[in-house]
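Work through the exercises below with the sequence and the model side by side, and try each task before reading its solution.

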Amino acid sequence: MAETPLSGSVALVAGATRGAGRALAVELARAGAFVHASGRSSRTSGASEIERPETIEDTLDLVREAGGDGVAERVDHTRPEEVRALVERIRERHGRLDVLVNDIFGGDRYAQFGTPLWEHDLEGGLRMLRMGIDTHVITSALALPLVLESGGGLLVEMTDGPSEVNREYRQGVGFYYDYVKGCIDRLVTSLSAELAEQPVTVVGVTPGWLRSEAMLEAFGVTEETWAEAAERVPGFGASETPTYVARGVAALAADADAARHHGAVLTARQLSDAYGVTDVDGSRPDCWGLIRDLGWHDQPTGLLPDYR
């Protein structure tokens with residue numbers, strides 16, 4: 001590898017089976033970190049309840065194709081005993097953990113958009129909270145001691161939306177989805193306060209409109225043909241690949257002055273502005289800037305050059 005700014009460091013990407021988590025594992029490995037990529041869907045044990053075809057072993061294949069190194073970890077982050085065992089494997093293998101990324105969710109399948117709390121399926125809603133909040137708390141609680149033993153590092157909480165968005169109720173998504181994303185924002189605030197005197201930088205990071213595997217399928221396009229959907233779906237012209245935000249996080253992890261971002265929730269575009277990274281096509285999408293300027297509705301179609 002020509003440039004390995006994270007050479008010698010160890011990263012855990014919790015929730016690395018697909019989407020942004022997969023790209024985060026690949027880009028951190030490309031930058032030189034040894035990456036433990038965890039998730040529930042596995043070639044050996046089968047798919048998770050999300051019932052998607054991607055597996056954690058597929059992610060490891062992509063890590064190696066990028067010239068990086070790591071290991072696929074089949075872990076259910078709702079189960080403290082499995083997370084505890086994962087952390088012990090990292091401790092035994094490396095004796096350190098420098099970067100912890102919590103990108104665990106998978107609760108979308110339980111979302112009932114436009115449904116208030118009292119009409120929402122209770123069991124599904126509670127499962128969403130378990131998958132989207134408890135997993136982050138469990139993983140942080142059990143992995144942070146190793147980060148501290150290592151002399152400090154970086155904790156990244158992946159979320160959906162900047163703080164100014166998550167301070168307000170997000171209309172139309174249903175109580176539970178809104179609550180999950182608001183809680184992750186608060187988790188960043190709480191942990192940044194508790195770690196203020198420790199050598200751990202805590203940040204939240206949000207991609208924009210992510211062209212994940214599931215999103216591309218939902219619009220009936222591929223990564224090669226995604227612009228076709230932008231011609232008919234308002235705002236999709238400001239969408240981005242998972243690599244965009246992952247490149248920003250890798251640059252953040254390599255920044256000796258990353259602590260200047262402590263406690264902030266950063267968008268993919270803000271990371272691009274800070275570190276000069278681009279999406280795979282050289283663009284710099286700004287989905288949240290589009291929403292800030294034009295709102296959630298009545299956005300134009302097309303490639304939206306002002307927000308790319």
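## Exercise 1: the nonpolar cores

Task: identify which residues of the largest nonpolar core touch the most other members.

Solution. In the largest nonpolar core, which has 38 residues, the members that touch the most others are V13, L28, V35, V101, V156, M158 and V205. A nonpolar core is here a set of buried Ala, Val, Leu, Ile, Met, Phe, Trp, Tyr and Cys residues joined through side-chain atoms within 4.5 Å, where buried means under 20% relative accessible area, exposed over 50% and partly exposed in between, with a 1.4 Å probe and protein chains only. Apart from this core lies another one of 23 residues, including V75, L100, L155 and V188. Taking V13 next, and leaving aside neighbours within four places in sequence, its contacts (heavy atoms within 4.5 Å) are G21, L24, A25, L28, V35, H36, A37, S38 and V101.

This is a predicted model, in which local features need pLDDT of at least 70 and side-chain atom pairs count only at pLDDT 80 or more, whereas totals for chains, interfaces and linings use all residues. Residues are numbered from 1 along each chain as its sequence is written, and side-chain values use heavy atoms, with hydrogens and water left out.

## Exercise 2: the surroundings of T135

Task: decide whether T135 is buried or exposed, and find which residues it touches.

Solution. Begin with the location: T135 is found in helix α4, residues 122-149, helices being DSSP runs of H or I of at least four residues and strands runs of E of at least two, numbered from the N terminus. With a relative accessible area of 2%, T135 is buried. Then look at the side chain of T135, which has a polar atom 2.5 Å from the backbone oxygen of M131. Finally, not counting residues up to four places away in sequence, T135 touches H77, T78, I104 and R130.

## Exercise 3: two positive phi angles

Task: locate E51 and D298 in the chain, and state what phi and accessibility each has.

Solution. E51 sits in the loop between β2 (34-39) and α2 (56-65), and its phi is near 60°, a positive value in a residue other than glycine. E51 counts as exposed because its relative accessibility is 63%. D298, in turn, lies in the segment after α11 (287-294), and although D298 is not a glycine, its phi is positive at about 60°. D298 also counts as exposed, at 79% relative accessibility.

Notes. Polar contact = N/O pair within 3.5 Å; in protein donor to acceptor, adjacent residues only side chain to side chain.
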